Amino acid sequence: MRLTLHVWRQPGPDAEGKLVTYEADDVSPHMSFLEMLDVVNERLIEKGEDPIAFAHDCREGICGSCGVMINGEPHGPLKETATCQLHMRVFKDGDEIYIEPWRAKAFPVIKDLVVDRSAFDRIIQAGGYISVNTGNAPEANSILVPKEAADYAMDMAECIGCGACVAACPNASAALFTGAKISHLAALPQGQPERAQRVEAMVAAMDEEHFGHCTSIGECSAACPKGIPLEAIARMYREYLRAKLVGAGK
Amino acid sequence: MKLDSKIPSGPLAEKWDRHRFELKLVNPANKRKHTIIVVGTGLAGASAAATLSELGYRVKCFSFHDSPRRAHSIAAQGGINAAKNYQNDGDSIWRLFYDTIKGGDFRAREANVYRLAQISANIIDQCVAQGVPFAREYGGTLTNRSFGGAQVSRTFYARGQTGQQLLLGAYSALSKEIAKGGVEMHTYTEMLDLVVIDGHARGIVTRNLKTGKIEAHAADAVVLATGGYANVFYLSTNAKASNVTATYRAYKRGALFANPCFTQIHPTCIPQSGDYQSKLTLMSESLRNDGRVWVPKKKGDTRAPGDIPESERDYYLERKYPSFGNLAPRDIASRSAKEVCDEGRGVGPGGRGVYLDFEDAIRRLGEDKIRERYGNLFEMYERITGENPYKVPMRIYPAPHYTMGGLWVDYNLMSTIPGLHVLGEANFSDHGANRLGASALMQGLADGYFIIPVTIGDYLANTRPAPVSVDHPEFRGAVEAAEAQVKKLLSIKGKRTVDSFHRELGSLMWDYCGMARNDAGLRKALAKIPEIRAEFWENVNVPGSDAELNQALEKAGRVADFLEFAELMCIDALHRTESCGGHFREESQTPDGEAKRDDENFCYVAAWEYQENGSPVLHKEPLVFENVALSQRSYK
């Protein structure tokens with residue numbers, strides 16, 4: 001296949017960026033999207049040009065490093081598929097592809113397609129954990145968790161922290177990311193002692209990081225490579241309301 | 001140099017208890033005064049950093065990722081072993097210990113492995129308390145699955161994402177400690193060198209990957225949890241950034257490197273599809289619980305799998321190893337796959353593949369049950385290959401996956417450089433010559449949560465390190481050397497890309513130091529590696545500058561180290577003329593083609609000491625087996 005790429009190039013955080021056009025020849029349909037970019041980069045280096053910077057690591061759709069806007073959609077056209085798992089067979093010869101970084105105030109561009117997502121870490125640091133020091137755990141089977149609750153918690157815990165939800169949202173809200181962690185921990189008996197303070201602290205952190213508010217548009221869930229449902233956000237609201245009504249520590 | 005493994009005396013089951021009593025403690029008020037550097041935030045690094053901070057130490061933690069949650073432990077799929085015996089199927093600490101020692105082909109230390117089996121149960125308790133959503137029964141208790149090399153069901157799992165969930169558990173504990181101020185987290189920061197002062201590890205030199213700034217960090221002890229080196233093969237199941245630099249630099253600073261030739265080739269990976277291939281994707285070993293491995297009986301059979309009748313299929317693992325069948329250990333399953341493909345019976349492009357077939361399991365259990373167990377793996381397979389494994393069998397082929405070798409450590413997980421501790425895949429300690437499935441997660445977390453937090457106190461209490469400043473000449477020298485290397489790499493401006501060198505090295509290593517090795521091949525590789533390395537330093541093209549995010553420059557530094565390390569691997573493989581576990585020397589096999597150990601001459605850990613002249617010196621740590629009888633491994 002022969003493709004025309006329009007790629008966002010931005011040398012650094014404070015530099016101006018622009019779309020630059022590249023021709024990609026000999027693209028195999030079996031290549032992953034990132035392998036296609038690898039080949040483009042090899043040729044750029046051979047020509048003495050600066051290769052396109054993009055974040056990636058495991059290339060198995062689980063580390064959450066990769067993620068770019070592909071023709072305006074986070075991670076491209078396939079449902080529940082991270083950029084590294086997207087294969088070129090979804091495109092056809094002659095296609096034009098626009099490749100851009102996540103766009104959100106809370107995710108400043110570092111270079112080209114690489115953005116700074118440390119805001120997500122700070123949201124987790126605000127309360128996305130159960131305070132149990134090593135050694136202080138009871139026998140595992142003394143905590144019974146109904147299978148439905150365990151399955152629900154797992155559905156929510158699958159988030160890979162890629163940021164596609166923020167990139168998809170017109171408000172650049174982090175509600176799906178934050179709601180997923182709150183829902184995961186609120187569903188489990190282990191998460192009960194800190195349930196109220198957790199949701200209050202994490203929601204406050206989300207605001208401090210300049211993410212927008214959720215207006216229930218639903219683009220986040222549609223773009224999520226792990227298919228985290230909108231229920232995560234609804235649950236976050238319920239947890240927040242509950243915390244305000246019953247007070248912290250309950 | 002005499003290698004002192006510091007294995008405690010007394011009966012096997014009492015060693016760890018006794019040792020913990022004998023270790024010196026640091027009192028709580030004094031812990032605050034000690035700074036510990038932890039490099040890496042995978043299972044071992046994150047769990048160690050969090051736990052050391054909980055104990056009161058000041059921790060400086062480093063990751064080259066943008067977030068500690070990205071470490072490659074996240075990609076582990078199938079599960080984590082623990083001797084809980086929840087299934088009442090005859091499991092015990094002793095059995096997990098024995099399975100691990102035997103699985104490693106009797107090339108690991110008894111005392112370390114027994115301790116690992118003891119701690120395994122605590123790990124599950126800890127992770128459940130953190131909220132890790134393990135799979136459960138309807139009654140609310142934890143459930144298990146089986147893994148290779150074991151006849152009991154002791155593997156705990158969270159769908160096909162166990163590594164992710166365990167890592168997110170450790171990441172949450174780390175996040176808690178970062179929030180409390182106990183851990184100073186440095187992301188986007190890659191370790192380039194270790195600093196040794198008066199014989200003790202006192203700090204590291206790092207490069208900030210966003211700004212390019214090279215900096216020194218001092219501490220009272222250094223912990224490396226920087227993973228394995230399977231990317232020496234270029235194509236492996238490792239993440240793209242996984243590399244040998246931290247451990248190799250420590251080796252060059254005097255830490256001995258143990259058993260570098262012990263690498264694991266995982267039997268169930270998606271075969272390569274083209275020259276552009278950037279990595280290989282693992283399909284969890286757990287699939288072998290329900291999938292049956294086969295190839296056509298006839299050579300060059302090009303019929304579609306569905307058109308090949310039952311009588312013309314060779315379920316070779318079930319045929320050769322009736323008691324373990326498709327759950328034979330990884331090294332054996334990989335070699336068997338290579339064997340049938342070498343015979344011309346492989347399937348798919350280039351004949352480099354075997355079928356992993358779920359037809360029987362789907363008939364027996366229904367598609368829904370299979371989807372519940374492996375849904376995400378099936379989806380991943382389909383996304384990559386475009387084939388639906390519910391309808392046609394998966395095609396799989398072995399790929400480099402894990403490295404049992406690593407920096408030599410004693411029972412306290414301390415290397416031969418006092419103060420330098422090494423955890424997880426980065427050390428050599430527990431898996432011998434072959435790691436069993438679901439044991440990497442167990443070892444990483446045992447090292448990080450439960451072992452290093454105890455043993456490092458003994459080092460600090462005995463040593464009482466004096467304060468040291470980053471203005472010390474050793475720090476300055478290391479910083480200058482790191483800066484010089486970056487400048488050199490950027491100044492060559494040759495004609496070849498970093499990746500082209502990495503691919504060339506990888507394919508050489510795969511051919512001559514991969515699934516099967518022999519004298520002539522290893523000598524050929526040893527002659528060729530220095531040539532590739534010399535060309536690299538003359539003809540590599542690293543674009544861009546050193547004061548920005550420069551991914552080509554990051555890669556160049558890592559590949560430069562692989563180009564040296566590969567030689568050490570081949571030297572080790574050449575010296576060990578026996579076959580054991582994942583190290584298969586063609587000259588040493590039983591009449592039916594199994595790995596033939598040579599206990600008389602090779603029952604030791606091979607620990608290599610760096611020499612500037614390029615000829616490392618071998619030190620041997622004899623392996624003493626007091627509790628198990630060495631036997632020819634049999635899974636028949």
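The model is predicted; local features need pLDDT of at least 70, side-chain atom pairs count only at pLDDT 80 or more, and totals for chains, interfaces and linings use all residues. Residues are numbered from 1 along each chain as its sequence is written, and chains are lettered from A and ligands numbered from 1 in the order in which they are written.

The contact (C-beta atoms, placed from the backbone, within 7 Å) takes 68 residues from chain A and 62 residues from chain B. On the chain A side, α1, β6, α2, α3 and α5 each supply at least two residues; helices (H or I, at least four residues) and strands (E, at least two) are DSSP runs, numbered from the N terminus. The most comes from α1(A), with seven residues.

Helix α1(A) has 14 residues and reaches 20 Å from its first C-alpha to its last, close to the 20 Å expected at 1.5 Å a residue (1.5 Å times one less than the number of residues). Its buried residues (20 or more other C-beta atoms within 10 Å of their own, C-beta atoms being placed from the backbone) include Phe33(A), Leu37(A) and Ile45(A). The buried residues of α1(A) pack against β1 and β2 of chain A and α16 of chain B.

In chain B, five strands form an open antiparallel sheet in the order β11-β15-β14-β12-β13, where pairing requires at least two DSSP bridges between two strands. Strands β11 and β13 of chain B stand at the edges, each with a single partner strand, so one side of each has no neighbour in the sheet. Strands β12 and β14 of chain B pair over three bridges, and Arg292(B) stands opposite Asp357(B) in β14(B).

How values were computed. Two residues are in contact if their C-beta atoms, placed from the backbone, lie within 7 Å. A residue is buried if 20 or more other C-beta atoms lie within 10 Å of its own, exposed if 12 or fewer, and partly exposed in between; C-beta atoms are placed from the backbone.
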